[in-house]
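Morning, everyone. Let me put the structure up, and then we'll go through its salt bridges.

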Amino acid sequence: MVRPDSTHYYPGTLGNKPVAVQFHAGSHYVALRLLSGYLPEEKLKLVHYGSPQFRFEAMMKGEVEAAALMEPWITLAEKLGCRAVCEGHYLGAENASDNMDEETFAAINRAIVKAVNLINDDKRKYLHYLIEEPRFAAAAAQHGGITPEDFHLPRLRYSYNTPYTDEIVEDTYHWMVRWGLLDGAACSNELVDNRMAEPAAAD
């Protein structure tokens, strides 16, 4: 996203311009995938600003030309007149340590399935949880705040846990190695364990 007074209207003009992300997190990976479709690698200037709040503030202060944001920061930015120059979606995953017992992991996945159903039935009903998160609420209050009615609901996508296919794992592994985000010595089939995800999603 860019400020209201920005001269950037599409990703192709962001070459050699600082774009705020959080290194080795979703904003970093999505920004690489989106911008690399428009710009050569040597013109990508991603800079680490940490959490969405710091990225949002850096954009608003003019420290960077653009910032990779997520909800509810996107909605706040839009209410202030900021605009998206490109938009992407990524899949979040529930992670568990190797020693988590299967019963606990299955229970977590059943709870996620139930939550997905509840949220998708009435998204605005649960948006107050995003708005009332203490760090966001304090920052948003300085800009007039937002309400559940301000959100663009189709942007909010909640889906069941599903296993990563072997093809997705391989493609993502090679992409991360190519960008220097992962050591090529790692083996892709050792990175992802799909245990219990499929049965949980089917319950």
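**Salt bridges, pair by pair**

Start with Arg155: this residue is buried, at 12% relative accessible area. Keep in mind that this is a predicted model.

Which residue does Arg155 meet in a salt bridge at 3.0 Å, N to O? The partner is Glu71. Glu71 is buried too, with a relative accessible area of 12%. Both fall under the 20% cut-off for buried.

Now the sequence positions. Glu71 sits in the loop between strand 3 (66–67) and helix 3 (73–79). Arg155 sits in the loop between helix 6 (134–141) and helix 7 (166–178). So this pair ties together parts 84 residues apart in sequence.

Next pair. Lys79 and Asp150 form a salt bridge, 3.1 Å from N to O. Lys79 belongs to helix 3, and Asp150 to the loop between helix 6 and helix 7. The parts tied together here are therefore 71 residues apart in sequence.

One more pair, Arg3 with Asp5. Their closest N and O atoms are 3.4 Å apart. Arg3 is buried, with 14% relative accessible area. Asp5, in contrast, is exposed, at 59%.

And the overall count? How many salt bridges does a search of the whole structure find? Six. Among them are the pairs Glu71 with Arg155, Lys79 with Asp150, and Arg3 with Asp5.

Notes:
Residues numbered from 1 in each chain as written. Predicted model: local features only at pLDDT ≥ 70, side-chain atom pairs only at ≥ 80, totals over all residues. Heavy atoms only, no water. Salt bridge = Lys/Arg side-chain N within 4 Å of Asp/Glu carboxyl O. Buried < 20%, exposed > 50% of the residue type's maximum accessible area, 1.4 Å probe, protein only. Helix = DSSP H or I, 4+ residues; strand = E, 2+ residues; numbered from the N terminus.
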